[in-house]
Amino acid sequence: MTIMEISLASIVALIAIGAFLHIWNMCHINMELEKDRGGGEKIEISLSGIKKAISRGVFIPRGLFIPQGSVFNGMALSAWILAFVAFGYLYFLTPLVVPDYNLFQISSLASWSFGFITFGLFLVVFGVLFILATNKLPDGYCCIRLTELYGYYFLSKMHKRAIASTIPLLWISIFISVHLGTIYPLASGVLSVIAYLLLLASVIILISPIIKQSMEGVF
Amino acid sequence: MKTLKLYTTVFAILVCFSLVIAGPVYGQNRGYSGPIENGGSSGGGGSKKLTSSAFLNYLEDWKEHQNPNYKKIQKLLNKEDYTTTAYKTPSVWVYYDPNGSKTVSRSDEIEIGAYIENTNPIEIRRALYLYLEEKGPGDKDFKPAKAERQIIQVNEYDEKINNTIRIFPDISSFGYIKGEGEVLFRIVISDGTKRISKWNSSNISDHPELGYYGVLKLKVHNNPPKINNSSMSIEPKLVKWDDYVEYRAQLKDEDRDTVNVTLHVYKNNTELNFTKLAPTEPDESDIVFSTEDYNIFVEADSGKNFTYRYSCDDDIDTTWSEIGYGPNLKRTAEITIVGKPKVSTTDPKNYWWQEYSFSIDAKSKNPEGGSLTVSLYTYTPENYGKMWPESQTKQVYNDNVTTFTFEDVKPFEALDSNQTFYYNFTYDMADESGDYGTPLFEGWKINPRLIKYGIIDPIMILNWLPMLIVPLLGGILIERLLRKGDEV
């Protein structure tokens with residue numbers, strides 16, 4: 001595997017871990033609530049318990065939802081969409097990492113002057129639709145809605161600033177990826193690594209509230 | 001006294017010597033005197049030698065004159081027939097493998113022999129002379145087969161069951177038979193006794209389960225020669241009328257006959273035939289007819305398409321191949337391409353997005369000239385045979401070179417980068433080669449760079465700048481729609 005392939009795998013793995021820990025956290029909260037009430041069906045904090053929770057829904061009382069403010073929520077959603085665009089531009093613009101699935105496989109689009117923005121808009125539309133689709137999940141799965149993701153976590157101001165700061169980081173990552181696309185088939189290893197690190201840092205920041213709470217829950 | 005005694009002794013020796021010398025002469029004269037005692041012609045003289053012809057004359061004379069000694073001489077010279085009443089006639093059959101098929105092709109390997117049972121004790125056996133006879137398709141009578149006589153000596157039998165098998169090695173297949181049908185074999189036998197006139201195996205009963213036959217009947221069929229249809233080819237297929245054309249095919253004849261192969265060329269309603277003898281080989285033989293050897297086409301045939309087929313004849317069967325197509329004769333030249341086509345570009349970096357210029361020079365071969373339409377094609381691995389949409393039509397003359405230029409052509413795409421491109425022109429009149437287009441000409445390698453614009457090029461800024469803003473707007477729009485940040 002090349003460095004870029006490893007980096008691709010690391011980003012995918014990081015997002016998967018974040019999703020897993022988020023569900024874990026929700027299951028943990030559910031269990032604590034049931035314990036306080038002294039009844040109801042408990043959900044085990046185990047792989048099988050999480051699987052069961054996903055299949056039946058993790059009922060988190062809406063009372064636990066903490067609105068984080070429209071500005072922050074809008075920025076957080078924008079950051080996730082930007083992260084998705086940065087991810088697409090870094091790995092699926094040129095044939096360097098995924099030779100069979102990239103923009104340059106569509107000859108007419110790659111040859112067009114506005115091929116890059118077309119590709120980017122496609123990614124944005126896909127990201128927006130995905131977020132909206134998760135919002136349609138039933139209440140049992142409300143904690144999986146990306147629009148409400150941070151509403152189940154306590155976020156400090158520092159956290160919010162950090163999440164907001166991912167936007168310029170992701171802008172730089174996208175800018176570098178576009179530049180790498182314009183010079184292809186030439187390549188710049190340094191720029192590729194920088195774009196990757198910026199994307200990686202952004203994703204870590206975006207899932208950091210989840211990681212923090214799961215660590216607090218465990219320890 | 002002594003002298004007298006010596007003379008007496010010498011005389012006695014001389015007398016004795018004379019007697020010794022004279023004795024045989026006398027006896028010899030006596031030996032010859034018998035036969036001529038009635039003839040008297042030799043005069044009883046002793047020096048004439050008896051020859052066989054003279055002796056024969058004597059015998060005839062004695063027989064005629066009933067000489068009493070003639071009977072004695074006859075008795076003396078006669079040798080009794082040494083066969084006895086105990087001698088039994090040996091039984092002879094034609095032998096053929098009982099497991100072998102009696103329907104064979106002319107090329108099948110066969111083995112024909114003689115099976116002999118001879119119960120006579122070895123002391124009275126006689127050598128047997130075996131002659132194989134056959135009656136082929138169309139023959140009225142048996143005739144000697146092309147097989148050497150076989151001799152079975154008295155000691156060549158199995159000691160216990162007194163039989164033997166002898167193969168006729170010269171008959172190994174029926175390739176020598178020029179026909180199909182029933183072939184009969186029998187064996188003519190001789191043991192020197194002359195007791196049986198035309199002694200042969202015809203009347204003896206068959207034992208097919210053992211492979212013994214009085215008359216062996218085999219059904220022989222011919223393997224006709226065949227042209228392998230898939231091997232039929234014409235090289236080249238598209239030619240000028242006076243170019244050399246080779247018709248090629250492969251012939252197979254399992255019987256390995258010499259075959260008459262005829263090429264039939266069909267020109268409209270006429271047929272031209274060309275025949276050659278082809279000795280066949282174990283596998284397949286190459287058959288080649290070339291216009292180098294045969295005059296098949298004339299100038300008037302230009303622009304026409306032809307068909308052909310082969311027939312094969314081995315003097316027994318005739319087979320025909322499938323119809324083959326070709327050659328296609330090119331039309332007579334109408335234009336001349338002058339020089340080589342050219343391609344150029346303003347930027348030597350040769351990016352795929354550059355504009356290229358292609359040109360070709362032509363003039364008419366017809367004094368009156370004509371209207372010529374030229375099209376341009378480019379070739380890359382990703383876009384093979386891409387036609388530039390705008391063809392050019394111009395009037396060409398026989399004394400003026402007309403240039404067809406395709407300017408500002410952008411034939412390539414991003415995927416063509418880092419590939420070598422080729423190009424050619426097609427036209428609606430035949431050139432001097434009888435073709436309607438040039439061969440492919442190699443251009444050069446297209447620059448590997450894929451994206452035309454740099455990162456700070458205005459076009460590229462229009463590509464990436466919105467991508468920094470649009471996702472922000474997307475997030476804000478979702479929040480404005482759903483109001484999840486303010487929800488209580």
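**Strand pairing and the chain contact**

B:Val104 has B:Val220 of strand S10(B) as its bridge partner. The structure is a predicted model, in which local features need pLDDT of at least 70 and side-chain atom pairs count only at pLDDT 80 or more, whereas totals for chains, interfaces and linings use all residues. Residues are numbered from 1 along each chain as its sequence is written, and chains are lettered from A and ligands numbered from 1 in the order in which they are written.

Strand S2 (residues 103-105) of chain B runs parallel to S10(B), joined to it by 3 bridges; strands here are DSSP runs of E, at least two residues long, numbered from the N terminus, and helices are runs of H or I of at least four residues. Two strands pair if DSSP finds at least two bridges between them. Strand S8 (residues 181-190) of chain B pairs with S10(B) in the antiparallel sense over 5 bridges, and B:Glu182 stands opposite B:Lys219 in S10(B).

Chain B also holds an open sheet of 4 strands with antiparallel pairing, in the order S7-S3-S1-S9. Its edge strands, S7 (163-167) and S9 (212-213), each pair on one side only. S1 (residues 91-96) and S9(B) are joined by 2 bridges, with B:Val94 partnered by B:Tyr213.

The contact between the chains takes 41 residues from chain A and 34 residues from chain B, where residues are in contact if their C-beta atoms, placed from the backbone, lie within 7 Å. On the chain A side, helices H3 (70-92), H4 (107-111), H5 (115-135) and H6 (157-183) each supply at least two residues.

Key: Two residues are in contact if their C-beta atoms, placed from the backbone, lie within 7 Å.
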